[in-house]
Amino acid sequence: MLVHKKPERRQQGGAQLSRDRIPQVDAVRGIAAAAVAFVFHVHFLLGDYRTGPLDGLPVFTWLHAYGWTMVDLFFVVSGYIFAHVYASGEVFTAGARQFWVARFARLYPLHLLTLVIVAIVLALGTPVTGGSIRTDGWHFALNLLMLQESGLNDRFSFNIPTWSISVEMLCYAIFFLVAGLHFKWLVTWSAMLALGGLALTISGDPSVVHIARGICGFFAGIIVYRHRNAPVVVPLALLAAGAILFLLPKVFDKGSVLALTCWAGVLMLAPKVALLGWRPFTWLGDLSYSIYLIHAPVFWSLNIFVFGGERVPDEMQPVALAGAVALILLLSDLSYRFFETPARRAINAFGKTQPPRAALAT
């Protein structure tokens with residue numbers, strides 16, 4: 001069983017942190033989700049790949065081109081939080097039932113809901129950039145089993161962003177085995193897995209690369225957590241190294257390179273940044289999973305039913321995007337408060353596993 005301990009509170013970087021939660025890290029996850037949904041994936045709505053109404057501004061231009069690397073930041077955040085939740089003591093005390101019920105309760109309800117919604121939407125029309133989405137029975141079954149990115153699939157299917165959720169489930173399984181069998185060697189194993197994942201990103205197979213990116217980032221996050229109190233010169237050096245390596249010719253996947261450098265540095269610095277503890281940022285962190293799973297169904301629905309499955313005209317793009325973003329944030333807030341949280345509590349209660357910290361891991 002998980003050992004329940006009274007939350008410890010401490011001051012760090014001007015913001016109060018609890019043993020249960022690191023709000024600045026939640027905020028980073030929220031910002032990453034917003035970058036993927038509202039910048040990199042705007043083609044789901046507008047129809048233009050890797051551009052948008054704000055293209056030309058330095059940050060937006062980079063995110064339009066490389067916003068997909070925010071998914072690697074998700075993986076690093078997940079590993080960091082899992083280390084905080086399950087591996088911050090001297091032993092790994094999570095039982096299999098508790099661990100997997102908590103994982104199922106956290107991820108599956110919204111995944112299932114959005115899967116069904118996307119299946120209905122895509123049955124009624126094809127969005128402007130959605131012609132290659134797999135919507136057959138085989139891929140629906142893979143999505144039901146959260147195996148939509150497992151090597152058994154043929155490219156992306158249904159709610160495209162959930163490919164990373166499928167990969168995370170594999171990372172959870174590896175983490176559970178490694179932590180349960182070799183907890184004292186967890187950091188060593190994590191280093192080997194992170195480097196092994198990096199090496200596998202040279203594969204030309206998209207599924208292998210996606211899975212390798214997840215393993216690399218997730219286990220890099222565990223290492224980052226164990227060295228979270230390193231002197232500030234360490235994350236600054238990682239940021240500099242990442243910037244240099246990113247500009248060099250590609251050898252390994254650039255997302256994994258960032259996971260081991262820049263994103264690791266960001267997570268080391270985040271708890272020291274009081275601004276990230278500001279409520280709007282932590283609210284975005286609360287909504288991160290909803291934003292990530294809801295944005296594609298909303299974008300596709302608007303493109304199909306409002307714009308007839310065609311590219312949105314240039315003059316309408318700013319208003320269309322602003323309205324869609326507002327709608328996604330509203331639906332995500334409602335989902336978090338009235339669907340995700342109640343469903344998670346109900347499933348945990350049914351499974352008689354209510355670890356106060358385990359529910360935080362994503």
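Which residues make the nonpolar surface patch of about 1,000 Å²? The close-ups below start there, in a predicted model.

View 1. Leu112, Val116, Ile120, Leu124, Trp138, Leu144, Leu145, Leu147, Leu152, Phe305 and Val306 make the patch. Helices H5 (96-124) and H6 (137-144) each supply at least two of its residues. H5 gives the largest share, four residues. Leu124 is found in H5. Its relative accessibility is 58%, so Leu124 counts as exposed, the cut-off being over 50%.

**View 2. The largest nonpolar core.** This core holds 97 residues. Tyr86, Phe175, Phe219 and Trp300 touch the most other members. Helix H4 (residues 70-86) contributes the largest share of the core, 13 residues.

**View 3. The surroundings of Trp300.** Neighbours within four places in sequence are left aside here. Trp300 is in contact with Phe44, Val118, Val121, Leu122, Pro127, Ile133, Phe158, Asn159 and Ile160.

**View 4. The Arg311–Asp48 salt bridge.** The two side chains meet at 2.8 Å, N to O. Arg311 lies in the loop between helices H14 (288-305) and H15 (317-350), and Asp48 in the loop between H2 (43-46) and H3 (58-66), so the pair ties together parts 263 residues apart in sequence. Arg311 is partly exposed, with a relative accessible area of 36%. A network of salt bridges links Asp48, Arg311 and Asp314.

**View 5. Salt bridges of Asp154.** Asp154 pairs with Arg134, their closest N and O atoms 3.1 Å apart. Asp154 sits in the loop between H6 and helix H7 (163-181), and Arg134 in the loop between H5 and H6, 20 residues apart. Arg155 also forms a salt bridge with Asp154, at 3.8 Å between the closest N and O atoms. Asp154 is partly exposed, at 38% relative accessibility.

Conventions:
Residues are numbered from 1 along each chain as its sequence is written. This is a predicted model: local features need pLDDT of at least 70, side-chain atom pairs count only at pLDDT 80 or more; totals for chains, interfaces and linings use all residues. Side-chain values use heavy atoms; hydrogens and water are left out. Patches are made of residues with over 30% relative accessible area and no salt bridge: like charges are joined within 9 Å, nonpolar side chains (Val, Leu, Ile, Met, Phe, Trp, Tyr) within 5 Å. Accessible areas come from the Shrake-Rupley method with a 1.4 Å probe; for residues, only the protein chains shown count as cover. A salt bridge is a side-chain nitrogen of Lys or Arg within 4 Å of a carboxyl oxygen of Asp or Glu. Buried means under 20% relative accessible area, exposed over 50%, partly exposed in between (1.4 Å probe, protein chains only). A nonpolar core is a set of buried Ala, Val, Leu, Ile, Met, Phe, Trp, Tyr and Cys residues joined through side-chain atoms within 4.5 Å. Contact means heavy atoms within 4.5 Å.
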